[in-house]
Amino acid sequence: MYREVGFSECDIADGFFDSLKDDYPGFEKWFDSKSKSSATAFVSKDDAGYIEAFVYVKNEECEVVGDLPAEPRMKIGTIKISHESEGTRLGEGGIGLALWKWQRSPMNQIYLTVFPKQKKLIGLIERYGFVWKGDKGGERVYLKDKRELDYSDKEIPWLKSFPYLDPDFKRGVYIPIKAVFHDNMFAYSELSNTEQKTDPLPVANGVMKVYIATPNEHIDYRPKDVALVYRITDSETNKTYLSAVTSFCTVTGVEWFKKGGNLLDGKNYEDFVRSVGNKTVYGDEELKESFNQKNVCTISLLYNGYFGKGRNVNHMWLKRNGFFEDHPYKIVLEPNQVRSILKEGG
């Protein structure tokens, strides 16, 4: 999982930086200047303390960038994921952190430059809606603009517009999740005065999640729903104040595997495991236990954002405003109700 740390806390002699030194003459001098200026980056380290991912985002001056005219822009100045970290979803998470920072900024555009040989990185940023807008030296310039968001993506719905919710959404729903699972699955959704433990799981790194539902009866979740993640406290007291909506997602897909104890459409346990992949907090035993329930479905989620410490919207507020009148699985919110909750969360 990423932490925001100073350049000065990263060892430039770490072999992780070798390819950057090769590609960018003067990289070491630039890195040293950033260390002295107290600049920070999003960094993930392995258990041995070696860097496995590094993402640096900065606000650019208003300047011409390749074929782009002068305009204030945010820039992903450096993004690198180690080859050994494939499958950990750190690339996805790094782009997500950069775009969340951009979302909170007043700048309309964010860009980065990449060499044509960086095919995996190019594939990743194109999935997140970056568009090739010309060249700068031997690199391509990829840009994303808040005024030109694409909500029509068919491969992974609403990924190109991430982190923004589709303003044309029709419904809101709750995703109720126990604290221990929430803190691993939505690792950046922090709470004040609450101890949270995050294990080194791929699901903690990425912005695409899969929630496994085993309801007692049929539930109605639909693609494009805005899903409000409701963290159920593990405290024995003050539950109405400590259980809270911490995050907001887009439902990108719903797949049923069992209803009334019957498998659907010839699906089996292997299909279920493939559907979940590494986008859940569950291990093998928990997956098997879930699949043995009478009703089983997976809800795919895009982690659009979180409220942050001191801004989470607790059960007391939701109840008082008429937004929590039934079991979370059964509640369907109107768009104006969802917007009220988002506004309360800042």
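Mentor: Two strands pair if DSSP finds at least two bridges between them. Helices (H or I, at least four residues) and strands (E, at least two) are DSSP runs, numbered from the N terminus. The model is predicted: local features need pLDDT of at least 70 and side-chain atom pairs count only at pLDDT 80 or more, while totals for chains, interfaces and linings use all residues. Residues are numbered from 1 along each chain as its sequence is written, and side-chain values use heavy atoms, with hydrogens and water left out.

Trainee: How many bridges join strand β4 to strand β5?

Mentor: Strand β4 covers residues 63-65 and strand β5 residues 68-71, and the two run antiparallel. Glu-63 has Glu-71 as its bridge partner in β5. In the hairpin they form, two residues lie between the strands, and Gly-66 takes a positive phi near 55°. The number of bridges joining β4 to β5 is two.

Trainee: Which strands stand at the edges of the sheet, each with a single partner strand?

Mentor: Seven strands form an open sheet with mixed pairing, in the order β1-β2-β3-β6-β7-β9-β8. Each edge strand, at residues 3-6 and 131-136, has a single partner, so one side of each is left without a neighbour in the sheet; the two are β1 and β8.

Trainee: Within this sheet, what is the bridge partner of Thr-113 in β9?

Mentor: Strand β7 (residues 109-114) pairs with strand β9 (residues 139-145) in the antiparallel sense, over six bridges. The partner of Thr-113 in β9 is Val-141.

Trainee: Which helix supplies the largest share of this core, the largest nonpolar one?

Mentor: A nonpolar core is a set of buried Ala, Val, Leu, Ile, Met, Phe, Trp, Tyr and Cys residues joined through side-chain atoms within 4.5 Å, where buried means under 20% relative accessible area, exposed over 50% and partly exposed in between (1.4 Å probe, protein chains only). In soluble globular proteins, nonpolar side chains tend to be buried together. The largest core here has 56 residues, and those touching the most other members are Ile-76, Tyr-128, Phe-130, Tyr-211, Ile-299 and Leu-301. Its largest share, seven residues, comes from residues 90-103, which form helix α3.

Trainee: Are helices α8 and α9 parallel or oblique to each other?

Mentor: For α8 (residues 269-276) and α9 (residues 284-291), they come within 11 Å and cross at roughly 125°. Angles under 35 degrees count as roughly parallel, over 145 as roughly antiparallel, 65 to 115 as roughly perpendicular and the rest as oblique. The helices α8 and α9 are therefore oblique.

Trainee: How many of the residues of strand β13 are buried?

Mentor: Strand β13 (residues 244-259) is mostly covered. It pairs in the antiparallel sense with β12 (residues 226-232) over six bridges, and 10 bridges join β13 to the antiparallel strand β15 (residues 296-306). Val-254 stands opposite Ile-299 in β15. Of the 16 residues of β13, the number buried is 13.

Trainee: Which residue in the turn between β13 and β14 has a positive phi?

Mentor: Strand β14 (residues 262-263) pairs with β13 in the antiparallel sense over two bridges, and Lys-259 has Asn-262 as its bridge partner there. The two strands form a hairpin with two residues between them. With a positive phi of about 60°, the residue in the turn is Gly-260.

Trainee: Does Asp-166 count as buried or exposed?

Mentor: Asp-166 has its place in the loop between β9 and β10 (172-178). Contact means heavy atoms within 4.5 Å, and, leaving aside neighbours within four places in sequence, Asp-166 is in contact with Tyr-151, Trp-158 and Lys-224. At 11% relative accessibility, Asp-166 counts as buried.

Trainee: Which residue does a cis peptide bond join to Phe-162?

Mentor: Most residues other than glycine have a negative phi, and most peptide bonds are trans. Here omega is about 10°. The partner of Phe-162 in this cis bond is Pro-163.

Trainee: Does Asp-265 count as buried or exposed?

Mentor: Asp-265 is found in the loop between β14 and α8. Its phi is near 55°, a positive value in a residue other than glycine. At 74% relative accessibility, Asp-265 counts as exposed.

Technical notes: Axes are lines fitted to C-alpha atoms, for helices over the stretch in contact, and angles run from 0 to 180 degrees between N-to-C directions.
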